[in-house]
Amino acid sequence: MATSLRSIKSLAPLLDRILVQRIKAEAKTASGIYLPESTVEKLSEAKVLAVGPGGTDKEGKRIEVSVKPGDRVLIPQYGGSPVKVGDEEYHLFRDHELLAKINE
Amino acid sequence: MATSLRSIKSLAPLLDRILVQRIKAEAKTASGIYLPESTVEKLSEAKVLAVGPGGTDKEGKRIEVSVKPGDRVLIPQYGGSPVKVGDEEYHLFRDHELLAKINE
Amino acid sequence: MATSLRSIKSLAPLLDRILVQRIKAEAKTASGIYLPESTVEKLSEAKVLAVGPGGTDKEGKRIEVSVKPGDRVLIPQYGGSPVKVGDEEYHLFRDHELLAKINE
Amino acid sequence: MATSLRSIKSLAPLLDRILVQRIKAEAKTASGIYLPESTVEKLSEAKVLAVGPGGTDKEGKRIEVSVKPGDRVLIPQYGGSPVKVGDEEYHLFRDHELLAKINE
Amino acid sequence: MATSLRSIKSLAPLLDRILVQRIKAEAKTASGIYLPESTVEKLSEAKVLAVGPGGTDKEGKRIEVSVKPGDRVLIPQYGGSPVKVGDEEYHLFRDHELLAKINE
Amino acid sequence: MATSLRSIKSLAPLLDRILVQRIKAEAKTASGIYLPESTVEKLSEAKVLAVGPGGTDKEGKRIEVSVKPGDRVLIPQYGGSPVKVGDEEYHLFRDHELLAKINE
Amino acid sequence: MATSLRSIKSLAPLLDRILVQRIKAEAKTASGIYLPESTVEKLSEAKVLAVGPGGTDKEGKRIEVSVKPGDRVLIPQYGGSPVKVGDEEYHLFRDHELLAKINE
């Protein structure tokens, strides 16, 4: 999903969508040797960049999303909509698809 | 989905449908060389041209859609109903299928 | 779906169904040459001929349909129930399947 | 679905079910020549023979069905439960599966 | 679904389930000749032997089932849970799966 | 589904789940001859060992399950979650999956 | 689902998710002989490490989850989202997917 965006900051998720960026695994062994990127396993961790205003319940009230920008979260293995800005890839998930917050 | 429409402006989306036109990638490299269109990746960005009045909740009240004409939005990779007016292609999405607003 | 109907006007759609007839593309080029019908692309436009009374919400109240006889509408590429009266073909759609009204 | 019923009149549809009999196409050309039955296209028209009391909404109130015995209706191409009484075939549809009433 | 039951009368259907026994077609021609059982078509008729107390609506009230023991009913061609007691086979259907009552 | 449980009595089903043990068919003919177990058909009967507190309706009230420990029940042919404690196999069903109570 | 987490304790499940760790079968026979791990059957038992705040009902009230940290639970054979922290594997389940509590 290529875009012509200059900055990911221009993206304001709609409804209960959450914009995240996957955290990259360190491509370095414990002893300090750098590994080729293709051998590094993808992490299921992501940083929340922006959140939507929340979906609405049956009376039209907003249902707040459960994370906020800056949160670190555990994302599911599959799903989410990829977005590309420049060379960086981001993902949009629905709030209920996020698995856990990471407090570390 | 061919039409005999003279202008896309005649189209008034029903319920929660949103009429958008995909933004075309610049077929020009940074150094100003024009590229053949087939080599240019499709963008996931679109401009909102018209919005429906919104669907109705269980009490029959309208649920307002979350974008307005002129908004730039991030659209999903798949889905949406294509509409052709003359040589231009447009798409109709349901409001909740749109991923994010673009403020740029 | 063959019928023995003498006139399509005898058909009163039930619930939220909408009876439409697809608008035929002009089988004539700009310079006035007639084309064989098989080379003419089908249009996604249709004229509303009759509408049902609407479905009912959970309290049993009618939910009005969003179009009326005489409206021109954009219909989806797939779906709808075909009805044949004489040599003419018509379609029945549910109200929410119609994509847009055409004001032209 | 064979039955041992002596008469279709013994059948009282349950809930929102509608008992109909398909109308047979005239196996005769305009000029009066009789056609073998296998060459006659099946019609999508049916006569309503009996209707159920209607399903119930969430408060337990009956939702009236939208047709009555004697009505002629347009039935969908697929679906419905066949019932055989003697040599005649009948069908049971749910009320919302019927497409339109025929007023002719 | 074999059981060790001595009598089908011990079976009390739960929720909206209906216990029925299919009515057997007479294996005898009109002129009184007995036919081998395998040539006799299965009937879609059944006798209601026992009914459950009904499911519950969203407020926890029981929704009464629409048939009672002794009723004859039209059953669908597929579905239902078979139960075997001795050499006899019975079926359990959900109330809404039954098609019609037979008043004959 | 192996477990390290010492006793099935330690298992307290959650929500509307029902823990049952299938009743074994007597591997003995009427004349008293014992049959090899593999020739004995599995029965669809089970004994209820423990029941969950029930699921909750939309107002958060508990919906009581329809059976109690000690009840004999008819279980469906497929479905249920197997649990193994020692050499014995048990099953967990949702309350609404049970077909009938057996009063014998 | 690799992570860079230093400790599983940093994981706070969202909504109605439950973080569990499968209990390992003793890789030792009754007579004290150690078995290679690959021959040891996986257990369906798990220890609850952390629970989410619960999902919300239609009025926006929290629906409490049915287990708490420290509980031992029976988990289903399939499903759940795996999480890896260091060499240990954990799973996240939705509250209603857990089968039973183990009181032993």
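**Strands across chains**

Two strands count as paired here if DSSP finds at least two bridges between them. Helices (H or I, at least four residues) and strands (E, at least two) are DSSP runs, numbered from the N terminus. One of the bridges can be named: P13(A) has A100(B) as its bridge partner in β9(B).

Before going on, the conventions. This is a predicted model, in which local features need pLDDT of at least 70 and side-chain atom pairs count only at pLDDT 80 or more, while totals for chains, interfaces and linings use all residues. Residues are numbered from 1 along each chain as its sequence is written, chains are lettered from A and ligands numbered from 1 in the order in which they are written, and side-chain values use heavy atoms, with hydrogens and water left out.

Now the whole sheet. Which strands make it up, and in what order? It is an open sheet of seven strands, β1(A)-β9(B)-β6(B)-β3(B)-β2(B)-β8(B)-β7(B), with antiparallel pairing. Its edge strands are β1 (11-13) of chain A and β7 (81-85) of chain B, each of which pairs on one side only. From one strand to the next the twist averages 40 degrees. For that angle, axes are lines fitted to C-alpha atoms (for helices over the stretch in contact), and angles run from 0 to 180 degrees between N-to-C directions.

Inside chain B, β2(B) has partners on both sides that I can describe. Strand β3 (residues 45-51) of chain B is joined to β2(B) by five bridges, and the two run antiparallel; R22(B) has A46(B) as its bridge partner in β3(B). Strand β2 (residues 17-22) of chain B also pairs with strand β8 (residues 88-94) of chain B, antiparallel, over four bridges. There, I18(B) has F93(B) as its bridge partner in β8(B).

**A second sheet**

Another open sheet of seven strands, with antiparallel pairing, has the order β7(A)-β8(A)-β2(A)-β3(A)-β6(A)-β9(A)-β1(G). β7 (81-85) of chain A and β1 (11-13) of chain G are at the edges with a single partner strand each, so one side of each has no neighbour in the sheet. Within chain A, strand β2 (residues 17-22) and strand β8 (residues 88-94) pair in the antiparallel sense over four bridges. V20(A) has H91(A) as its bridge partner in β8(A).

**The contact of chains A and B**

Back to the first pair of chains. Contact means heavy atoms within 4.5 Å, and 24 residues of chain B and 19 residues of chain A take part. The buried area between them is about 1,900 Å², with 55% from carbon and sulfur atoms; buried area is the accessible area (1.4 Å probe) that two parts lose on being put together, summed over both. L74(B), L99(B) and E104(B) supply 30% of the area that chain B buries against chain A, more than any other three residues.

How many salt bridges cross this interface? The rule finds zero, a salt bridge being a side-chain nitrogen of Lys or Arg within 4 Å of a carboxyl oxygen of Asp or Glu.

Finally, some chains stay apart. Chain C and chain E have no contact, and their closest C-alpha atoms lie 13 Å apart. Chain D and chain G do not touch either, with nearest C-alpha atoms 16 Å apart.
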